[in-house]
Amino acid sequence: MSLNTDKYQVLASFLEEFRSDATNTQLDGNQLRQRLASLKQLFVQQIVPLTEADSREQSYRTEMSKQLRLLEIDVMFFQGARQVSTAQARLQTISDRLTTLIRYCDAILRREEMGEQ
């Protein structure tokens, strides 16, 4: 499962970088949308096709897919924010959603490290 592990590690690294950039460098709406498109592309091309998933890993992937769709909505809401306080709240929501995705990756990686099936 090392190939799967590598793919989840790449995804987790991308998520960490995305979260850091979103909260520390205050990306604008277009930058967030571009980063989200790259994240979705990575997920669809690298994670979705993995076939060696057990039922728990598949459940995590399903939840990750749901969180990505919700993240897309969060980014749209951020772009529509007219007040600074609203934009900040939306950025926090985006950060929280990315943290959730990172935790899913970490849970899968821990299971693989322990050799659980």
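Contacts between helices α2 and α3 (contact meaning heavy atoms within 4.5 Å) join G29, N30, L32, R33, L36, L39, K40, F43 and I47 of α2 to R61, M64, S65, L68, L71, E72, V75, F78 and Q79 of α3. The model is predicted, with local features requiring pLDDT of at least 70 and side-chain atom pairs counted only at pLDDT 80 or more, whereas totals for chains, interfaces and linings use all residues. Residues are numbered from 1 along each chain as its sequence is written, and side-chain values use heavy atoms, with hydrogens and water left out.

Helix α2, spanning residues 29-47, packs against α3 at an angle of about 165 degrees, with the two axes 10 Å apart. The pair is therefore roughly antiparallel, a term applied to angles over 145 degrees, and α2 passes α3 in a left-handed crossing, that is, with the near helix turned anticlockwise from the far one by less than a right angle.

Helix α3 comprises 26 residues, 55-80, and reaches 38 Å from its first C-alpha to its last, close to the 38 Å expected at 1.5 Å a residue. At the start of α3, a side-chain oxygen of D54 comes to within 3.3 Å of the backbone nitrogen of R56.

F78 lies 8.5 Å from A89, C-alpha to C-alpha, at a sequence separation of eleven residues. A89 belongs to helix α4, residues 84-114, and its relative accessibility of 43% makes A89 partly exposed, the class between 20% and 50%.

Methods: Helix = DSSP H or I, 4+ residues; strand = E, 2+ residues; numbered from the N terminus. Expected span 1.5 Å × (residues − 1). Polar contact = N/O pair within 3.5 Å; in protein donor to acceptor, adjacent residues only side chain to side chain. Axes fitted to C-alpha atoms, helices over the stretch in contact; angles between N-to-C directions. Parallel < 35°, antiparallel > 145°, perpendicular 65-115°, else oblique. Buried < 20%, exposed > 50% of the residue type's maximum accessible area, 1.4 Å probe, protein only.
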